Each structure stands twice: as structure tokens, then as C-alpha cells.
Number of protein chains: 2
Amino acid sequence: MKHRRIPKATIDRMAVYLEVLENFSRDGAELVSSDQLAKACKSNPAQIRKDLAYFGDFGIRGVGYAVESLKLAIKRALSIDGVWRCALFGAGNLGRALLGNREFVRRGFHIQAVFDCDPDKLGLRMFHLAVQSPSRLGHIVKEQDIQIGIITTPPNRAQRAANHLVEADIKGIVTFAPTRINVPDEVSLQYVDLFRTFYSLSFDISLREQEAAEEQNAD
Amino acid sequence: MKHRRIPKATIDRMAVYLEVLENFSRDGAELVSSDQLAKACKSNPAQIRKDLAYFGDFGIRGVGYAVESLKLAIKRALSIDGVWRCALFGAGNLGRALLGNREFVRRGFHIQAVFDCDPDKLGLRMFHLAVQSPSRLGHIVKEQDIQIGIITTPPNRAQRAANHLVEADIKGIVTFAPTRINVPDEVSLQYVDLFRTFYSLSFDISLREQEAAEEQNAD
């Protein structure tokens, strides 16, 4: 499989296809037509075919797709058919929410350790884990072969958390802190853009209101 | 200001510029050069100039940008210079984390009411709010002029939550549930793609590992 030529937009859409297939799966569907799948994804059959073609040949002519086998194929393509071991940095409400979210475990992302710089939080239990000092991070990452760091600190502490994770030789970081951080090129980095989503929404609502007002004025 | 021709990618980048400007602001900077700004945004000065030009003329020749006035201009452009009143649907850990996140209020997104379908949760206090029944939603949205609904239910309850919000005449929805939902065209809808971010990261880590292995084999 030649990973490197796959566009990022395809990867993003694959995640949508997977989500939609999970819905079909929950509803007990074994087969979906390519029209059904496209409609549920707000896409079109040609786009889906093109995206999937990067990873293999999945459609069944005249039928569509077999839900479970396509789900598995997409999971393999995205490298989420196994377990990713994660460490959480930031023992606040958001960290707790992620740790308590069963959807993470269901998708193979296992949070195995929690760290916080605040000495008052050390030893506090969050679900089944006790909050640890960042001084233990390197040891734990090595011992438990942790691959991913998740930053859930306030924005002003995110860079320090990232530095700790980079020093501990983590392979990739997902950060929820609403700020930009710097990591060396060899560490993968992804931002969860909570606020960007809210900004897009507020922009879109305002735009619609403005258009509605203009239409009314034109009457 | 002509909103409608502004590309979505520009809106997304404006949110990044704003985040980076908040960092400069926290560090006490009053002016940033266009090179500094571009570097911090992992962009280039021409792209930033082009994006900002949709909204007005902001640079100071030979100097760069005035941090506070550019922040305000971007907030106006994104319609986030005021307050957006929000209702939360789903009184779980994630809902609690959003409600307790001061960054939301700082950015003008005020969560004013919490709803949940689970009768066991009704009346429970989450910070300063009591969990209410969805049967109260229409009344509360009207009375408090709530514009945005935030869905933090499990995926199998997200569509029902969306239906309640649509019936209550909400203007826009941000959903954190990892599933696709359907709303009428007149309601704005944005997904926070928690898992898509994790999938992109796992794909990227795997790709790097594969490339490293191939290089080693080629030696």
C-alpha cells in the first residue's frame, strides 16, 4: 500500500465514511448501496469510489458495499485496527471527559496514564488512574510503550506539556489547548480545533442573518 | 463587507491567526512583524495579507500589525466580537468539561442552560446550572434568546438531541458526538471531529514508521 500519495482530504473523508458505516452497523445493516452511503456522507458515489481506490477494491458490483468488511478495511487503511497507547497531560475537566469517554476505547485509543504539573493534583484519582508528576513521564512512556500524548492543559501550559512529551520520546501529540505549539519535525502533531468550529458556526449564522436582512430590504 | 465570497479555508486560517495573536498578546507584544506572525502561524506573509484583505486593510507598512487592533478586526470579521448564547444538550463528562472551560466564556460563548433526556439527571447541578428536561427547551431558547445548541450526548442519542434543538428554533448546532446527524438546511451545523484528529495522527505516525522501515531496508 502506498501511503504517501494519499491526500489529507481523503484521510478526512475516510473518517467520515467510517462514522457513517458505524451508524449503518448500529442499525443492523449488512450491505449499503453506494447511493445510500454517499447520501449519508453528504458526498457522491464517484468521490467515495475514488477515495477507497487508494486502499483497494471494495465495492460489490450492483450491490454496493459490505458494511463490516468496509469498516475493517478503512480501519486498516487509517492504522486504527489495533490499539494506540496514550498518555494524557492535563488532569482537568476535559482530561476527565476524555478518560471517561468509552468511544475512545472502542476506537482503540487507550489512555494509560495521566500527568499534571500541578503538585496539588498528584495522586488524585481520575477513574482508574492516579495523576502522576511529569518527572515520571519518560519512564512511563518507555515502560508502557506509550505512543501518543494528549494535551488538555490550559493554553498557557500547553507548550510546557509538549516539551515534556517530546523529551519522553512520544511519537505523536493531539492537543486540545487553544494555542499553537512547537514540536520537532519528527513528532506528529494534530490540533483539535474546538474554537475554530465555534467560529465557523458563528460566522455562518451571521452570514445567513445578513443575507436574510438583505432579502427583506430588497422586498 | 461582502461575506459570501470568503473561502472557508480563509475562515479557518483567521481562527489560527487569532489564536497566534492571543499568544503574542499574552506575551505582552503590541506589534508583530508580518514575518513573525507568518512564522508563528506556519504560513507566509503573502497568504496572511491575502486572507486579511477580505476584511479590510490592516498592516502598517514597514512595521507589521498592531496586535490588539488586528485581534479585534478578526473577531469582528468572524462575528465573535459579541456574546453567543448557547444551550448544552448532554449532561455527561464532556458537557461538564465544556461548561467548566473558562476559554469558552473568554471567547464569548456563554452556555446558559443544560438539557438531558435521562430522567435520572434532571435537577442535577453542573457548576451554576441545573440539568433540565428537553420538554423545557423550546421555552428556554425563546425566553433566553439562545442561538447555539451544543450536542455532547453519546452517538446513538445525537440525532434525537438535534431534533429537539431544531424544534426549539435554534440557529446553529455544534456536535461533539462521533456520528453524522441530519438537520434542515436553515440550521447551521458544525462537527467537532475528535476522532478524525486521532485518526489523522495515527495515520501519520504509521506512515512515518513505514518510511523509516523502508529506509532501513534500503541501507
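Analyst: In this predicted model, E22(A) has a relative accessible area of 10%, which is under the 20% limit, so E22(A) counts as buried. Its side chain meets that of R106(A) in a salt bridge, with N to O at 3.5 Å. In general terms, side chains of opposite charge can pair when their charged atoms come close.

Chain A is divided into domain 1 (3-77) and domain 2 (84-195). Taken over C-alpha atoms, the centres of the two domains of chain A are separated by 31 Å.

In chain B, K71(B) and E68(B) form a salt bridge whose closest N and O atoms are 3.3 Å apart. Both residues lie in helix α4 (residues 67-77) of chain B, three residues apart, or about one turn of the helix. K71(B) is buried at 9% relative accessibility, whereas E68(B) is partly exposed at 45%. In chain A, salt bridges with shared partners join E22(A), E68(A), K71(A), E103(A), R106(A) and R107(A) into one network. A further salt bridge in chain A links the side chains of R76(A) and D81(A), with N to O at 4.0 Å; D81(A) is partly exposed, at 46% relative accessibility. Over all chains, the search of the whole structure finds 30 salt bridges.

How are the two chains related? A rotation of 180 degrees, with 0.0 Å of shift along its axis, superposes chain A on chain B with an RMSD of 0.0 Å. That is the relation of a two-fold axis. Of the interface residues of chain A, 100% are also interface residues in chain B, so the copies meet through the same surface.

Elsewhere in chain A, helix α7 (residues 137-144) has three named buried residues, L137(A), I140(A) and V141(A). They cover an arc of only 100 degrees around the axis, which means that they lie on the same side of α7(A). K142(A) and E143(A), on the other side of α7(A), are exposed. The cover over the buried residues of α7(A) includes β3 (84-89), β4 (109-115), β6 (129-132) and α8 (158-167) of chain A. After α7(A) comes D145(A), with a positive phi near 50 degrees.

Strand β8 (residues 172-175) of chain A contains T175(A). T175(A) is buried, its relative accessible area being 0%. Apart from neighbours within four places in sequence, T175(A) is in contact with I151(A), I181(A), L189(A), Q190(A), Y191(A) and V192(A).

To return to the part asked about: E22(A) is buried, is paired with R106(A), and is one of the residues joined in the chain A network.

Notes: Residues numbered from 1 in each chain as written. Chains lettered and ligands numbered in written order. Predicted model: local features only at pLDDT ≥ 70, side-chain atom pairs only at ≥ 80, totals over all residues. Heavy atoms only, no water. Buried < 20%, exposed > 50% of the residue type's maximum accessible area, 1.4 Å probe, protein only. Helix = DSSP H or I, 4+ residues; strand = E, 2+ residues; numbered from the N terminus. Least-squares fit on C-alpha atoms with pLDDT ≥ 70 in both. Contact = heavy atoms within 4.5 Å. Domains from an automatic or database assignment. Arc of directions from axis to C-beta.
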